[in-house]
Amino acid sequence: MKSFSNIYIFVFSTVMVILVAAILSSAAMLLQPLQQKNFEIEQKRNILASITIESTATDAESLYNKYITESFVVDSKGKIKEGVDAFDVNMTDEVRKPDEEKSLPVFVGLLDDEKKEYVIPVRGAGLWGPIYGYVALNDDFNTIFGTNFGHDGETPGLGSEITTSWFQDRFKGRKIFSDDGVFTSIDIVKGKSDPSSLNQVDGITGSTLTTNGLDNMLKDCLKPYEAYFKNQMN
Amino acid sequence: MKDREPLFSSKNMKLLTNPLNEDNPITVQVLGICSALAITAKLEPAIVMSFSVLAVLSVSNVVISMLRNLIPPRIRIIVQLTVIAAMVILVDQFLKAYAYDVSKQLSVFVGLIITNCIIMGRLEAFAMTNKPWPAFLDGVGNAAGYGVILVLVAFFRELFGSGELFGFPIFEKIGLYNIGYENNGMMILPPMALMVVGIIIWVQRSRKRELIED
């Protein structure tokens, strides 16, 4: 076996690491616009899915322009924030801020039956990684019209079931305010939920931690909108 | 001076064809099983995974083989890993840019190609001691051997688990559900991949008895 000096080993590894870094960073920079585009399309598809519009990667753009008639950002007092594009709000950053500083995006969808739906982005922590999604509310700002949840790495067959329609259908028609007008969010209940309560849904057996995360996500992300919802209701 | 070996000499062809059958990385060497369980519930991700492994393995094999006389043996594993990791990241970036849906389905498993034992195994056992061209053929051969099994497993799992092929509802179209047939949900779960691989190994060994160990 050939022997190499220590200096050679150092030089070799330094050159190799610099070369690899150069290749990878230039590839990342070249491909970033395309990846960004894909990511936006994915977001648009998710927004559309929350108001029950199916789309594909190719028609997402046009369907989004057709059904999402306006989007804006409000603050925790319910006032509209000027100069911020709802689509550009980075939810990862927003959830870390205190409520008063949050930019709260609202997407307004106008469906074929002329009904307006208000789509609210949500983001939180599951068991293994982030969970996120969109909640669409009817124009009473109380009843859930549809949801779309996604996750990065929840357990397949357990936590990852939050993306399935059988679970998300449970949210349809539920209300985020109690009968006497107090904000309650939706409780995801372990075991049997109270069938008479419109503020509860059943969790998923075996994915308590993921559904707890989902429960917290809904509370934390919908709560700052309370002022805006109440303004709109009156 | 020795005559140059023809590009597709019988020795070189063996590098390409051996891993498809008697030296198959999955069924004979039993490597790379983990990914075979994870991404074979549907055909499309299985095929994309196979091509990703093909790209990673053939290119890393060639790179390592070209560098084989320059790599200090003491840090060769680190060098191999760096080359593999760089290739895997490139493949992942390309998938995210050009095949976003599939890259979402494969999620972490593209990144996990780095730990696929087939790749390190080939670099260490073959590329370190052979010229670039045979190393390339060896890489293509082994990745193809891996891919063939992946696609075979995915074919059975998608067909009997979801009644579809490439998402096309084949059982529905031929009216199998009308006579009381039901999809087997078990086929979608990872353990069934192991069973299917086991059946493939059984069939292969009963046809080629010299593969049977004592």
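Two strands pair if DSSP finds at least two bridges between them. The legends below use the term in this sense and refer to a predicted model.

**Figure 1. Strands β1, β3 and β4 of chain A.** Strand β1 (residues 68-74) of chain A pairs with strand β3 (residues 104-110) of chain A in the antiparallel sense, over six bridges. Val73(A) has Pro105(A) in β3(A) as its bridge partner. β3(A) also pairs with β4(A), again in the antiparallel sense, over four bridges. Here the bridge partner of Val108(A) is Tyr118(A), a residue of β4(A). β3(A) and β4(A) form a hairpin, with five residues between the two strands. In the turn, Glu114(A) has a positive phi of about 70 degrees.

**Figure 2. Helix α5 of chain A and its cover.** Helix α5 of chain A takes in residues 208-222. Its 15 residues should span 21 Å at 1.5 Å a residue, and the end C-alpha atoms are 21 Å apart, which agrees. The buried residues of α5(A) are Thr210(A), Thr211(A), Gly213(A), Leu214(A), Met217(A), Leu218(A), Cys221(A) and Leu222(A). These residues cover an arc of only 150 degrees around the axis, so they sit on the same side of α5(A). An α-helix has 3.6 residues a turn, so residues three or four places apart point the same way.

**Figure 3. The contact between chains A and B.** Chain A brings 19 residues to the contact and chain B brings 17. On the side of chain B that touches chain A, α4 (76-98) and α5 (100-106) of chain B each supply at least two residues. α4(B) gives the most to this side, with nine residues. By class, the residues of the side of chain B that touches chain A divide into 12 nonpolar, two polar and three charged.

Figure 4. Ala86(B) is placed in helix α4 of chain B. It counts as buried because it has 23 C-beta neighbours inside 10 Å, and the cut-off is 20 or more. Neighbours within four places in sequence left aside, Ala86(B) is in contact with Val20(A), Ile23(A) and Leu24(A). Ser35(B) lies 51 residues away along the chain, and its C-alpha atom is separated from that of Ala86(B) by 19 Å.

**Figure 5. Chain B as a whole.** Chain B has 10 helices and zero strands. Along the principal axes, its C-alpha trace spans about 70 × 45 × 30 Å. Of its 214 residues, 37% count as buried. Among contacts in chain B with a separation of 6 or more, 78% join residues 24 or more positions apart.

**Figure 6. The largest nonpolar core.** This core has 46 residues, of which Val56(B), Leu150(B) and Val153(B) touch the most other members. α3 (43-67), α4, α7 (117-125), α8 (132-162) and α10 (190-207) of chain B each supply at least two of the core residues. α8(B) gives the most to this core, with 10 residues. With neighbours within four places in sequence left aside, Leu150(B) is in contact with Ala36(B), Thr40(B), Ala46(B), Met49(B) and Ser50(B). Apart from this core lies another, of 42 residues, among them Ile120(A), Val122(A), Ile176(A) and Tyr228(A).

**Figure 7. Leu43(B) in helix α3 of chain B.** Leu43(B) lies in helix α3 of chain B. Leu43(B) is buried, as 21 other C-beta atoms are within 10 Å. The C-alpha atoms of Leu43(B) and Val151(B) are separated by 6.3 Å, although the two are 108 residues apart along the chain. Leaving aside neighbours within four places in sequence, Leu43(B) is in contact with Val151(B), Ala154(B), Phe155(B), Glu158(B), Leu165(B) and Phe166(B).

Figure 8. The 18 residues of α10(B) should span 26 Å at 1.5 Å a residue, which agrees with end C-alpha atoms that are 26 Å apart. Met192(B), Ala193(B), Val196(B) and Val197(B) are buried in α10(B). Down the axis of α10(B), its buried residues fall within an arc of 145 degrees, so they line one face of the helix. Pro191(B), Gly198(B), Trp202(B) and Ser206(B) are exposed on the other side of α10(B). What covers the buried residues of α10(B) includes α2 (33-38) and α8 of chain B.

Key:
Residues numbered from 1 in each chain as written. Chains lettered and ligands numbered in written order. Predicted model: local features only at pLDDT ≥ 70, side-chain atom pairs only at ≥ 80, totals over all residues. Expected span 1.5 Å × (residues − 1). Buried ≥ 20, exposed ≤ 12 C-beta atoms within 10 Å, placed from the backbone. Arc of directions from axis to C-beta. Contact = placed C-beta atoms within 7 Å. Nonpolar A, V, L, I, M, F, W, Y, C, P; charged D, E, K, R; others polar. Core = buried A, V, L, I, M, F, W, Y, C linked by C-beta atoms within 7 Å.
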